[in-house]
Amino acid sequence: MKKSVTWMMLAPGLLILLICLALPLCRVLFPTFVTGDYPFSAYIRFFQDEYYLKIFMRTVKIAVITTAVCMLGGIPTAYFISRCDKRIRGLLLAASIFPMMTNSVIRSFAWINILGSSGIINKLFLAIGLVSKPKKLLYTDLAIVIGSVYLFLPLMIVTVTGVMENIDDDMMEAAQSLGASRLSAFMKVIFPMSLPGIIVGGILVFTGTLTAYTTPQLLGGNSNMVLATLIYQRAMSMGDWSGASVVALIMIVVTLIVIKGFNALAARLDRRGEAR
């Protein structure tokens with residue numbers, strides 16, 4: 001009886017997912033498997049084309065760098081926030097989340113004003129004599145990374161803070177009382193216990209960067225195309241929906257591989273912790 005009630009409650013949601021997500025996705029992706037002279041030929045041609053391969057590698061590189069920078073900046077920040085007084089913690093979390101309340105287009109335009117040839121950074125470099133002419137910062141991979149970090153760093157901070165604030169301060173004090181330095185205690189106690197939040201944050205940042213369109217388009221331009229902007233070009237500019245579907249499925253597969261990799265890494269680190 002209980003199982004039948006459970007399935008009855010799940011049925012409306014599953015039906016909506018089937019009609020609105022699964023069927024349209026299959027309708028778009030299935031033709032890509034049979035396009036060409038043999039199965040998967042569209043995907044083989046994609047990876048054989050140097051232009052598309054370069055875009056693929058650029059996208060993955062930007063996503064990896066952005067995730068690494070967000071982890072390096074987000075984990076210490078999250079630890080600091082989690083150890084503050086509750087009232088201050090709330091204010092700091094609100095300050096971290098505040099940029100997310102602004103549209104990503106507006107935030108990208110702000111970085112255009114900062115990184116442009118007449119932007120704040122170039123004016124500063126010229127004023128102190130570091131360069132003799134404006135340096136090209138906009139429409140580069142670096143600009144996309146900077147914009148992506150600004151866009152997704154709050155996700156990393158909030159996710160990791162939610163885990164770290166549940167770790168008792170006594171754990172850190174116990175490790176230090178046994179002779180561990182503060183850094184060693186953090187790496188051997190706090191960091192392993194924070195892995196669930198770090199993994200979730202890393203997945204959110206990587207997948208968000210991998211699939212982002214607005215920031216790469218505005219800060220990277222057409223000369224620094226990524227997979228998301230390639231999909232838009234193939235579908236909207238060229239009307240090649242089959243080619244756009246090929247790129248979309250590649251992005252989905254890469255995302256699933258990354259999620260699997262993060263989970264495998266977490267399991268391996270957990271086993272190391274148990275061995276100690």
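## A first look at this predicted model

For the protein, the mean pLDDT is 86, and 95% of the residues reach 70 or more. Residues are numbered from 1 along each chain as its sequence is written. Local features need pLDDT of at least 70 and side-chain atom pairs 80 or more, while totals for chains, interfaces and linings use all residues; side-chain values use heavy atoms, without hydrogens and water.

Now meet two residues. Their relative accessible areas are classed as buried (under 20%), exposed (over 50%) or partly exposed (in between), with a 1.4 Å probe and protein chains only.

| Residue | Relative accessible area | Class |
|---|---|---|
| Serine 108 | 2% | buried |
| Tyrosine 139 | 38% | partly exposed |

Serine 108 sits in helix α5. Its side chain reaches the backbone oxygen of serine 104 at 2.9 Å. Beyond neighbours within four places in sequence, serine 108 is in contact (heavy atoms within 4.5 Å) with Thr214, Thr215, Leu218 and Leu219.

Tyrosine 139 lies in the loop between α6 (120-127) and α7 (141-164). Its phi is near 60 degrees, a positive value in a residue other than glycine. Most residues other than glycine have a negative phi.

Note on methods:
pLDDT is the predictor's confidence in each residue, from 0 to 100. Helices (H or I, at least four residues) and strands (E, at least two) are DSSP runs, numbered from the N terminus. A polar contact is a pair of N or O atoms within 3.5 Å; within protein, one must be able to donate a hydrogen and the other to accept it, and residues adjacent in sequence count only if both atoms are side-chain atoms.
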